[in-house]
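Open the model in your viewer and keep the sequence panel beside it. The stops below say what to select next and what is there.

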Amino acid sequence: LGMIPAGLKLAPATTVLATVLAGMVLFFVLEKLVLWRHCHDSNCEVHGRAGPLILIGDAFHNFVDGVVIAAAFLTSIPLGITASLAVIAHEIPQEVGDFAILLDSGYGRTKALLLNGLSAAATLPGALIAYFWLGETQDAVPYMLALSAASFIYIAAADLIPSLHRQVTPAASLRQLVLLLAGIGTIALFHFRG
C-alpha cells in the first residue's frame with residue numbers, strides 16, 4: 001500500500017503500474033516453473049529433490065526481500081520499516097514451513113536449521129547490493145518499488161487469501177479480519193507518520 005504511491009511520485013503512472021502488472025506475471029511464471037513436475041508418481045526422482053529446490057528458491061526469495069527492503073528505505077525510513085515488518089511477517093511462517101519440508105526430505109535437524117539459516121542470510125547481500133546500486137541508479141527505485149509491491153500482491157492473492165478461506169469458523173474468520181485490519185492499520189500508521 002505504501003510502495004505503489006511512493007513509486008508513482010518518482011515515475012510516470014503508466015510505467016510504474018505496468019511494472020506492477022509485469023511483476024505479478026513474472027512471479028506467476030516463476031512459481032509455475034518451481035512447481036512444474038514431469039511425473040505424477042510420488043516416488044519419482046523429481047519429488048525426492050524438494051530439499052534442494054526449497055533451499056535454492058528460498059535463497060533467491062530472500063535475496064529479493066533484501067532488495068525490497070533497500071528500495072523501501074531509499075525512498076523513506078517509514079516505508080523501509082513497513083516493508084521490513086511485512087517481510088518479517090511473511091518470512092517467519094515460511095521459514096518454519098521450509099524447515100519442516102527439509103526435515104521431511106531427510107535432512108537432520110541441525111543440518112536443516114543450518115541450511116535454512118544460510119538461505120535466509122541471502123537477504124543481507126540482496127539489501128547491500130540493492131542499497132549501493134539503487135543509491136547510484138535512483139531512476140530504478142520506482143520500478144523496484146513496483147516489483148516489490150507486485151511480489152506482496154502476488155503472495156496475498158496466490159497464497160495467503162486462499163489459505164485463509166480454508167478456515168471458515170466464525171472465530172477463525174473474526175481473528176483473520178482483526179489481523180487484516182491490524183496489518184492495514186500498521187501500514188497506515190507508518191505511512192502517515194512519514
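Is Leu147 buried, partly exposed or exposed? Leu147 is partly exposed, because its relative accessible area is 28%, where buried means under 20%, exposed over 50% and partly exposed in between, with a 1.4 Å probe and protein chains only.

Before moving on, note that this is a predicted model in which local features need pLDDT of at least 70 and side-chain atom pairs count only at pLDDT 80 or more, while totals for chains, interfaces and linings use all residues. Residues are numbered from 1 along each chain as its sequence is written, and side-chain values use heavy atoms, with hydrogens and water left out.

**Stop 1: the whole chain**

Select the protein chain. It holds eight helices and zero strands; helices (H or I, at least four residues) and strands (E, at least two) are DSSP runs, numbered from the N terminus. Along the sequence the pattern reads α-α-α-α-α-α-α-α. Of the 194 residues, 31% count as buried. The accessible surface comes to about 11900 Å², and 73% of that belongs to carbon and sulfur atoms. The areas come from the Shrake-Rupley method with a 1.4 Å probe; for residues, only the protein chains shown count as cover. Among contacts (heavy atoms within 4.5 Å) between residues at least 6 apart in sequence, 75% join residues at least 24 apart.

**Stop 2: helix α7**

Select residues 141-164, which form helix α7. This helix has 24 residues and reaches 32 Å from its first C-alpha to its last, close to the 34 Å expected at 1.5 Å a residue. The expected span is 1.5 Å times one less than the number of residues. Where is α7 kinked? The kink is centred on Ala156 and amounts to about 40 degrees; a bend is the angle between axes fitted to the seven residues ending at a position and the seven starting there.

Next, colour the buried residues of α7, among them Val141, Leu145, Ala150, Tyr154 and Ile155. Return to Leu147, which is found in this helix. Leaving out residues up to four places away in sequence, Leu147 touches Thr19, Gly23 and Phe27. Leu147 and Leu26 are 121 residues apart in sequence, yet 9.4 Å apart in space, C-alpha to C-alpha.

Ala157 also lies in α7. Ala157 is partly exposed, with a relative accessible area of 46%. The C-alpha atoms of Ala157 and Met24 are separated by 9.9 Å, and these residues are 133 apart along the chain.

**Stop 3: helix α4**

Select residues 77-104, helix α4. α4 has 28 residues and reaches 40 Å from first C-alpha to last, close to the 40 Å expected at 1.5 Å a residue. Which residue marks the bend in α4? The bend is at Glu91 and is about 30 degrees; a proline, Pro93, follows within four residues. The buried residues of α4 include Leu79, His90, Glu91, Glu95 and Asp98.

Zoom in on His90, which counts as buried at 13% relative accessibility. With its neighbours within four places in sequence set aside, His90 is in contact with His61, Asp65, Phe152 and Ile155.

**Stop 4: the nonpolar cores**

A nonpolar core is a set of buried Ala, Val, Leu, Ile, Met, Phe, Trp, Tyr and Cys residues joined through side-chain atoms within 4.5 Å. The largest one has 16 residues, and those with the most contacts inside it are Met3, Leu79, Leu134 and Leu145. Helices α1, α3, α4, α6 and α7 each supply at least two residues of this core. α3 gives the most, with five residues. Select Leu79: not counting residues up to four places away in sequence, Leu79 touches Gly2, Met3, Ala6, Ala72 and Leu145. A second, separate core has seven residues, including Ala11, Val16, Ala150 and Tyr154.

**Stop 5: the aromatic pair**

How many aromatic pairs does the structure hold? It holds one. The rings of Tyr131 and Phe132 have their centres 5.3 Å apart and their planes at 85 degrees, so the pair is edge-to-face. Rings of Phe, Tyr and Trp (its six-membered ring) pair if their centres lie within 6.5 Å; planes under 30 degrees apart count as stacked, over 60 as edge-to-face and the rest as tilted. Tyr131 is partly exposed at 43% relative accessibility, whereas Phe132 is exposed at 56%.
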